[in-house]
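I opened a new notebook page for this structure. My entries follow in the order I looked things up.

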Amino acid sequence: MRISARADYAVRAALQLAASRDDGPVTAEAIAEAQDIPHKFLEGILNDMRRGGLVTSRRGGNGGYRLARPAGSVSVADVIRVVDGPLVSVRGVRPPDLAYTGPATSLLPLWIALRANVREILDGVSLADLAASQLPEQVTELADRPDAWTNP
């Protein structure tokens, strides 16, 4: 599984907005600088997030971006889906729409199980959880496993 730069930047931008929630709108320039994200790339991401209903924007001297709803109600999965589409696909196809034959038949339940696990983790972590450095216990336990940090 690969997390795209677009998804990584989107989650980081959303976290910057979550951390700044009470400070008013945050400019794209301020987010780009704080998170070391290329400004032009970020503008496109923020536009996708606005169209997807995750952020609101206001123009003008006091303008910028804000989360459209409380950080506790926005999951990491919500952000990734808005900028990258489905969380898990195979060749651009969602696992339930795939069909295999012969010895490859058992691939379908494997891809669906992978999808279910990815969804469980990413839907179960909110921006508020991340901003407060309070990951759910299940996530912390997985990250604390010694083999989680090594590449085979």
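**Entry 1**

I started with R145, which forms a salt bridge with D147. The closest N and O atoms of R145 and D147 are 3.1 Å apart. I then looked up how open each partner is. R145 is partly exposed, at 42% relative accessibility. D147 is partly exposed too, at 44% relative accessibility. I note here that the model is predicted.

**Entry 1: the overall layout**

Next I stepped back to the whole protein. I found seven helices and two strands. Read from the N terminus, the elements run α-α-α-β-β-α-α-α-α. The C-alpha atoms fill a box of roughly 65 × 30 × 25 Å along the principal axes. The protein has 152 residues, and 32% of them count as buried.

How many salt bridges does the count come to? I get seven. Side chains of opposite charge can pair when their charged atoms come close.

I looked up D8 and R12. The two form a salt bridge, with the closest N and O atoms 2.9 Å apart. Both belong to helix α1, which covers residues 5–19. They sit four residues apart there, so about one helical turn separates them. D8 is partly exposed, with a relative accessible area of 33%. R12 is partly exposed as well, at 21% relative accessibility. The cut-off for buried is under 20%, so R12 does not count as buried.

Then I went to R51 and D48. Their salt bridge has its closest N and O atoms 2.5 Å apart. Both residues lie in helix α3, residues 39–51. They are three residues apart, about one turn of the helix. D48 is buried, with a relative accessible area of 18%.

I also found a network of salt bridges. It links R69, D78, R81 and D123.

I wanted to know what packs on α3. Two packed helices are described by the angle between their axes and the distance between the axes.

From α1 the contact takes in A5, R6, Y9, A10, A13 and A14. On the α3 side I listed F41, L42, G44, I45, D48 and M49. By class, this contact has nine nonpolar residues, one polar and two charged.

*α2 with α3.* Helix α2 covers residues 28–35. The angle between α2 and α3 is about 120 degrees, with the axes 9 Å apart. The pair is therefore oblique. I noted a right-handed crossing where α2 passes α3. A28, E29, I31 and A32 in α2 meet H39, L42, E43 and L46 in α3. Five of the contact residues are nonpolar, one is polar and two are charged.

*α3 with α4.* Helix α4 covers residues 76–84. The axes of α3 and α4 come within 9 Å and cross at roughly 110 degrees. This pair is therefore roughly perpendicular. I45, D48 and M49 in α3 meet V79, V82 and V83 in α4. The contact has five nonpolar residues, no polar and one charged.

D48 came up again here.

**Entry 2: V26**

My last stop was V26. Where is the place of V26? I found V26 in the loop between α1 and α2. V26 is buried, with a relative accessible area of 11%. I set aside its neighbours within four places in sequence and listed the remaining contacts. V26 is in contact with L17, S20, I31, G64 and Y65.

Technical notes. Residues numbered from 1 in each chain as written. Predicted model: local features only at pLDDT ≥ 70, side-chain atom pairs only at ≥ 80, totals over all residues. Heavy atoms only, no water. Salt bridge = Lys/Arg side-chain N within 4 Å of Asp/Glu carboxyl O. Buried < 20%, exposed > 50% of the residue type's maximum accessible area, 1.4 Å probe, protein only. Axes fitted to C-alpha atoms, helices over the stretch in contact; angles between N-to-C directions. Parallel < 35°, antiparallel > 145°, perpendicular 65-115°, else oblique. Left-handed = near helix turned anticlockwise from the far one by under 90°. Contact = heavy atoms within 4.5 Å. Nonpolar A, V, L, I, M, F, W, Y, C, P; charged D, E, K, R; others polar.
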